[in-house]
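Hi,

Here is the structure I promised to pass on to you. Have a look at it first, and then read my notes below.

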Amino acid sequence: TWNATEVLRSFLYVGRFRVEKGYSSLISIFKKMNKRIKNYHLRLTLVGAEKKERLKDKNIKIIKQVNNDNKLKKIYDSHQIFILPSYTEGYPQVILESLSRKKPVIIFNEIKFLKKIYPKGLFVSERNEIDFTKTIKHILSHYNKIISEIDKIDLTSKKNFKHNLIKQFKI
């Protein structure tokens, strides 16, 4: 984990390290963004590597797969915003995990249909550092209000899940 002053600007990705998951584009965007915004001291943690990987960037940390629920909860809780950079998704569980830990989620345009399922707590960005930076600044400047809205989301209702899924796919 990062130290307490850095937690306020820390971002998390949890998932497989596959091309379609977009993790490498996230790393690229994050590096460009960090060069542009020097005073924010942004940190990115990626969880889910199959083998030990290293990057030559002190602001990016890669962690192998985590199979312990309590450890994963601690990782979520030590970050401020979750990022799902996937190019394609169905109904990703990491969004539910993130929202249940009261973490806003940033997705990219390719999977913006998910915004219909999660109207609160989910933010859509273009896949570039300029729009991504704008999205982050928006979330940080409204963070308490966003967390309050996330807190009101019914994440456990099976009926709500089915209703939203049917509405999304018009079954």
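Let's start with K102, which counts as partly exposed because its relative accessibility is 34%. (Under 20% relative accessible area is buried, over 50% is exposed, and partly exposed is in between, using a 1.4 Å probe and protein chains only.) K102 has a positive phi of about 60°, although this residue is not a glycine. Most residues other than glycine have a negative phi. You'll find K102 in the loop between α4 (93-100) and β5 (105-108). Those labels are DSSP runs numbered from the N terminus: helices are H or I with at least four residues, strands are E with at least two.

Some ground rules. This is a predicted model, where local features need pLDDT of at least 70 and side-chain atom pairs count only at pLDDT 80 or more, while totals for chains, interfaces and linings use all residues. Residues are numbered from 1 along each chain as its sequence is written, and side-chain values use heavy atoms, leaving out hydrogens and water.

How confident is the predictor? pLDDT is its confidence in each residue, from 0 to 100. The protein chain has a mean pLDDT of 85, with 84% of its residues at 70 or more. Among its elements, β5 has the highest mean (98) and helix α1 (residues 4-7) the lowest (42). Over residues 1-7 pLDDT stays under 50, and the model has 15 contacts for them beyond four places in sequence; a contact means heavy atoms within 4.5 Å. Where pLDDT is low, the predicted coordinates should not be read in detail.

Next, strand β1 (residues 10-14), where five of the five residues are buried. S10, L12 and V14 point one way from β1, and F11 and Y13 point the other way. Strands pair if DSSP finds at least two bridges between them. β1 pairs with strand β2 (residues 43-49) in the parallel sense over five bridges, and F11 has L44 as its bridge partner in β2. β1 also runs parallel to strand β4 (residues 81-84), joined by two bridges, with F82 in β4 as the partner of L12.

Which residues touch the most other members of the largest nonpolar core? They are F11, L44, L46, F82, I83, I95 and F132, out of 48 residues. Helix α2 (residues 23-36) gives the most to this core, with six residues. (A nonpolar core is a set of buried Ala, Val, Leu, Ile, Met, Phe, Trp, Tyr and Cys residues joined through side-chain atoms within 4.5 Å.)

Finally, the rings. Phe, Tyr and Trp rings (for Trp, the six-membered one) pair if their centres lie within 6.5 Å; planes under 30 degrees apart are stacked, over 60 edge-to-face, and the rest tilted. There are six aromatic pairs by this rule. Y13 and F17 make a tilted pair, because their planes are at 55°, with the ring centres 6.2 Å apart. F108 and F132 are also a tilted pair, 5.7 Å centre to centre and 35° between the planes. F108 is in strand β5 and F132 in helix α6 (residues 129-141), so this pair ties together parts 24 residues apart in sequence. F108 is buried, at 0% relative accessible area, and F132 is buried at 0% too. Ring pairs also link Y13, F17 and Y23 into a cluster.

Definitions and conventions. pLDDT = per-residue confidence, 0-100.
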